[in-house]
Amino acid sequence: MEKEFKKILGFSSLLAAAVGIVVSQGTLVSVMQGIALGQTDFIIALSIAALLSFCYICTFSELSLMMPKAGGINAYSQVALGHFPSIVATLCGYVVVSVLGIPAELQLLQSGIFEVFHVNIPHLGLVLLIIVTAMNIFGIDFFSKFQNVFSFSMIAVLALIGIQYFTGTSPESNDLNSLSMSSISISNAFSLVSLALWAFLGAEFICSLSEESINPQKHIPRAMTIGMIIIFVLYTLFGLTAIKFLPQDIILSSQMPHFKLINEILGSFGSSIMLIVCISASSSTINSIMSSIPRMMYGMSKSGQLPSFIGYIHPKFKTPVFAILSLFLLALIPMIGMTSSIEQVITLLIAASTSWLATYVIAHFSLIKLRKDYPHHTRPYKSPLFPMPQLFGSLGMIYVFFNCAPTPELAPTIYKYAGICISIVAIYAIIWIKFVMKTSLFTPVQMSKILDEVA
């Protein structure tokens, strides 16, 4: 079969995508709030969250290289568990989260610009989304070039801010600038893991780019692993710098505490620097989403789980143009109905992301089952210490699932919205599988069939 995708992504592009999809304005705020609440306990929580992220990296690395498919989790769970879990995992865990995550990130960007310039630029988010969508339609080489600029600019500036923890002088008024290691509480650290974990989720998005990667066997595991190490170091230094320069109440009461931090360090000029970080973070996150999620939708279409036109590849640009446009149009729906309340956006995003945690459990279980069902299948990468990372990772995700609400008052709302999200997708999956695909909900698909679909 002629290759539909172009193999153009090297290690640096995959690393940029892995970091870019994870680091966003929302995660920067989460890290600042976490360290303000827990101080050194939150560093322990970040370490536990990083370990959980290493578990899912091991699982997705093995799965993606067993089946180098653009469909990602959709392909792996089909072979292990059947069509119903596959559809639910992909739509709930990735498509719905992205549809809500794109407007949320753009809303934070607009708020950041208002924080710096005190002007509201109408439709700025829509313009940026159109530009990123067009870049991804025109080709993966456009994506990779811009992603490298976005991600590495963001890393450089965040590293510059983090260095201030060692070189900067904190205000005398900030009595929290000295963190005592003797104050560590393991129980408090575990209570903060739920907040810390959100700052590490998403590196596996690059697995859906495997068909467009040069030497994916080597570069995909390395990009995710090194990306997580970079992110852990950046987050730790960024959080320590925040608590050194800002009082706890300022961090917890501000919707844009990262701007207040850079203003404290560099004065009014710092806001312009932070704006570069925010534009890079938002553009990088959205660019990664618009490249990876349509590949998952493409994979679903090839498997008959979405309408066939979603799987169309543009003959010149070699991109899933209708999948990209579909995600763009879906993201417009919450953007049109979105209010200026960031709290409302974040609540909806946490609710949608709760089902994302179930997707990681499905991935871990899929790998365990595939080790049993296909013991002799070629595995260019094998998860170390199997099945410990899969068991520990699953337990960690389940723990966070039941502790995902930032406050007890929000828990009923979050679980209600999560239940609605999962129910709608489950109903679609049942109807589509039974009446369009005319097949079984839970019968695993033969791996040979999935591999035959590789473009």
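This is a short chat about the predicted model shown above.

Q: Before we start, what should I keep in mind about the model and its numbering?
A: Because the model is predicted, local features need pLDDT of at least 70 and side-chain atom pairs count only at pLDDT 80 or more, while totals for chains, interfaces and linings use all residues. Residues are numbered from 1 along each chain as its sequence is written, and side-chain values use heavy atoms, with hydrogens and water left out.

Q: OK, which residues have the most contacts inside the largest nonpolar core?
A: They are F60 and Y235, in a core of 142 residues, where a nonpolar core is a set of buried Ala, Val, Leu, Ile, Met, Phe, Trp, Tyr and Cys residues joined through side-chain atoms within 4.5 Å. Buried means under 20% relative accessible area, exposed over 50%, and partly exposed in between (1.4 Å probe, protein chains only).

Q: And which helix gives the largest share of this core?
A: Helix 5 (residues 83-117) does, with 16 residues; helices here are DSSP runs, H or I, of at least four residues, numbered from the N terminus.

Q: What does Y235 touch?
A: Leaving aside neighbours within four places in sequence, Y235 is in contact (heavy atoms within 4.5 Å) with V22, V23, T27, L28, V31, L46, A199 and F200.

Q: Switching to helix 4, how many of its residues are buried?
A: Nine of the nine residues in helix 4 (residues 73-81) are buried, including N74, Y76 and Q78, and just after the helix G82 takes a positive phi of about 110 degrees.

Q: Last one, where does F309 lie?
A: F309 lies in the loop between helix 13 (268-302) and helix 14 (321-337), and it counts as partly exposed because its relative accessibility is 45%.

How values were computed. Helix = DSSP H or I, 4+ residues; strand = E, 2+ residues; numbered from the N terminus.
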